[in-house]
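Me: I am new to this one and would like to go through it step by step. Could you put it up, please?

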Amino acid sequence: MLVFLVGTGVFLTLRLGFLPIRTLPYALKLAFSPNKQDKSSEGDISHFHALMTALAATIGTGNIAGVATAVFTGGPGAVFWMWITAIFGMATKYGEAILAVKYRVVDEKGEMSGGPMYYIERGLKLKWLAWAFAFFGAFASFGIGNMTQTNSVALAMEGTFGISPIITGIILAILTGAVILGGIKSIGRVTGLVVPFMAIFYVLGGLAIILMNLDKLGPALELILTDAFSGQAVAGGALGTVIRYGVARGVFSNEAGLGSAPIAAAAAKTDHPGRQALVSMTGTFLDTIVVCSITGIVLAMAGLYTGEVSGAALTIASFEAFLPGAGKYIVSIGLIFFAYSTVLGWSYYGEKCFQYIFSRKAVVYYRSAFVIVAFCGCIMKLDLVWNISDTLNGAMAIPNLIGLLCLSGVIVAETKDFMALRRREVDAERAGKSIGA
């Protein structure tokens with residue numbers, strides 16, 4: 001599965017001539033510049049809010065607990081392989097978003113619906129495969145996008161603040177219901193506030209540790225790079241273990257290839273699929289190259305990964321080693337916001353999959369069930385749910401990757417069309433500047 005996921009990213013990167021890497025600065029400008037937000041084209045939400053909804057679902061427990069698990073099991077070198085996964089994952093996210101916007105439809109309420117189920121059905125003419133993706137996606141949203149996340153919030157609230165999981169469950173259910181009942185526009189507004197805050201809060205905490213301990217930064221980066229090709233930090237020096245866990249946690253964290261993010265991309269207001277595709281691919285960069293790197297570097301600097309503590313507890317211990325008393329709050333609060341935002345993002349993914357299978361009228365039942373499950377996740381033990389969720393995630397990826405590979409010609413054609421449009425825009429901007437001068 002990992003070879004299939006990363007291999008698709010490598011294939012698309014080569015077919016696109018490394019376009020995602022070359023256009024990253026322009027893509028970031030599109031995503032975050034207020035004057036670049038398309039307000040007149042078809043769609044439900046802006047480029048920025050579509051990206052924030054996708055990032056809400058993407059930046060989650062994997063950025064804190066997942067990175068720590070990779071480093072604990074595979075050694076610091078796993079962080080390097082997470083970076084490699086992200087570089088090629090940008091092409092995958094780019095391709096997913098292009099197809100999502102190109103093949104999206106307008107439902108009976110006038111809202112956009114898109115994603116793998118639509119580009120598989122309308123592009124490949126394989127409705128059964130599209131239905132399979134929607135089925136796996138709908139049920140995965142209750143597990144990896146809901147119960148596992150709310151359970152992480154409940155554990156963090158109880159461990160750090162002493163709040164009962166039942167109280168946490170009630171509050172989370174109310175907050176989740178209040179947001180998702182308003183649909184994608186409500187989710188977009190909330191994630192547009194929560195995601196930048198939570199990411200900046202956590203990244204600044206990590207950067208503070210790095211800047212206060214610059215003498216440890218060089219050795220930590222050297223350790224990450226050397227261990228990536230030697231595996232010496234793993235028992236027995238198993239290089240395959242380093243690569244496996246780095247790639248696995250990288251894919252889990254940025255979700256490139258799973259087919260979830262393009263569902264949010266399809267809702268964006270955009271004049272061309274290529275423009276939103278560039279915005280969408282920045283999600284992989286921000287999730288893994290920025291947020292996951294902060295966790296990985298702090299873990300390598302602290303050097304506590306050789307002990308018996310793993311997961312979120314290892315990240316907390318590493319932050320505490322440098323910021324006694326404050327470190328655990330930075331990680332715990334970050335984990336709470338990361339997990340809650342994931343619930344909001346995945347609620348939209350699952351809703352659209354549910355709507356595809358049944359109809360728009362069934363959405364109200366999905367939303368009600370999603371809120372109830374959010375409460376249940378806080379009070380349950382979730383070993384089985386985690387295993388089922390991982391399986392459903394893999395099952396989602398297979399139809400999506402088949403769609404991406406078979407429709408790669410469409411991705412390339414749309415890209416060429418957009419790049420021609422972009423060249424005309426650049427020429428017009430230069431002409432305008434020269435006239436102004």
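Me: Which residues is glutamate 351 in contact with, leaving aside its neighbours within four places in sequence?
Reply: In this predicted model, glutamate 351 is in contact with Val363, Tyr366 and Arg367.

Me: And where does glutamate 351 lie?
Reply: Glutamate 351 is part of helix H16.

Me: Is glutamate 351 buried or exposed?
Reply: Its relative accessibility is 2%, so glutamate 351 counts as buried.

Me: Staying with H16, at roughly how many degrees do the axes of H9 and H16 cross?
Reply: The axes of H9, residues 165-180, and H16 cross at roughly 40 degrees and come within 11 Å. H9 is therefore oblique to H16. The crossing in which H9 passes H16 is right-handed.

Me: Which residues make that contact between H9 and H16?
Reply: On the H9 side they are Leu172, Leu175, Thr176, Val179 and Ile180, and on the H16 side Tyr340, Val343, Leu344 and Ser347.

Me: Now the core. Which residues in the largest nonpolar core touch the most other members?
Reply: Tyr94, Met117, Tyr119, Tyr202, Leu278, Tyr349 and Ile411 do, in a core of 132 residues. Helix H16, residues 327-357, supplies the largest share of this core, with 16 residues.

Me: Let us take tyrosine 202 from that list. What is tyrosine 202 in contact with, leaving aside its neighbours within four places in sequence?
Reply: Its contacts are Asn63, Ile64, Val291, Ile294, Thr295, Thr315, Phe319, Ile330, Val331 and Phe338. Tyrosine 202 also takes part in the contact between H10 and H15.

Me: How do H10 and H15 cross, left-handed or right-handed?
Reply: H10 passes H15 in a left-handed crossing. The axes of H10 (residues 183-212) and H15 (residues 311-322) come within 9 Å and cross at roughly 50 degrees, which means that H10 is oblique to H15. Tyr202, Gly205, Gly206 and Ile209 of H10 make the contact with Thr315, Phe319 and Phe322 of H15.

Me: Next, valine 279. Where is its place, and is valine 279 buried or exposed?
Reply: Valine 279 belongs to helix H14, residues 273-302. Because its relative accessibility is 0%, valine 279 counts as buried. Leaving aside neighbours within four places in sequence, valine 279 is in contact with Ala27, Leu30, Ala31, His47 and Leu51.

Me: What separates the C-alpha atoms of valine 279 and tyrosine 94?
Reply: They are separated by 8.2 Å, although the two residues are 185 residues apart along the chain.

Methods: Residues numbered from 1 in each chain as written. Predicted model: local features only at pLDDT ≥ 70, side-chain atom pairs only at ≥ 80, totals over all residues. Heavy atoms only, no water. Core = buried A, V, L, I, M, F, W, Y, C linked by side-chain atoms within 4.5 Å. Buried < 20%, exposed > 50% of the residue type's maximum accessible area, 1.4 Å probe, protein only. Helix = DSSP H or I, 4+ residues; strand = E, 2+ residues; numbered from the N terminus. Contact = heavy atoms within 4.5 Å. Axes fitted to C-alpha atoms, helices over the stretch in contact; angles between N-to-C directions. Parallel < 35°, antiparallel > 145°, perpendicular 65-115°, else oblique. Left-handed = near helix turned anticlockwise from the far one by under 90°.
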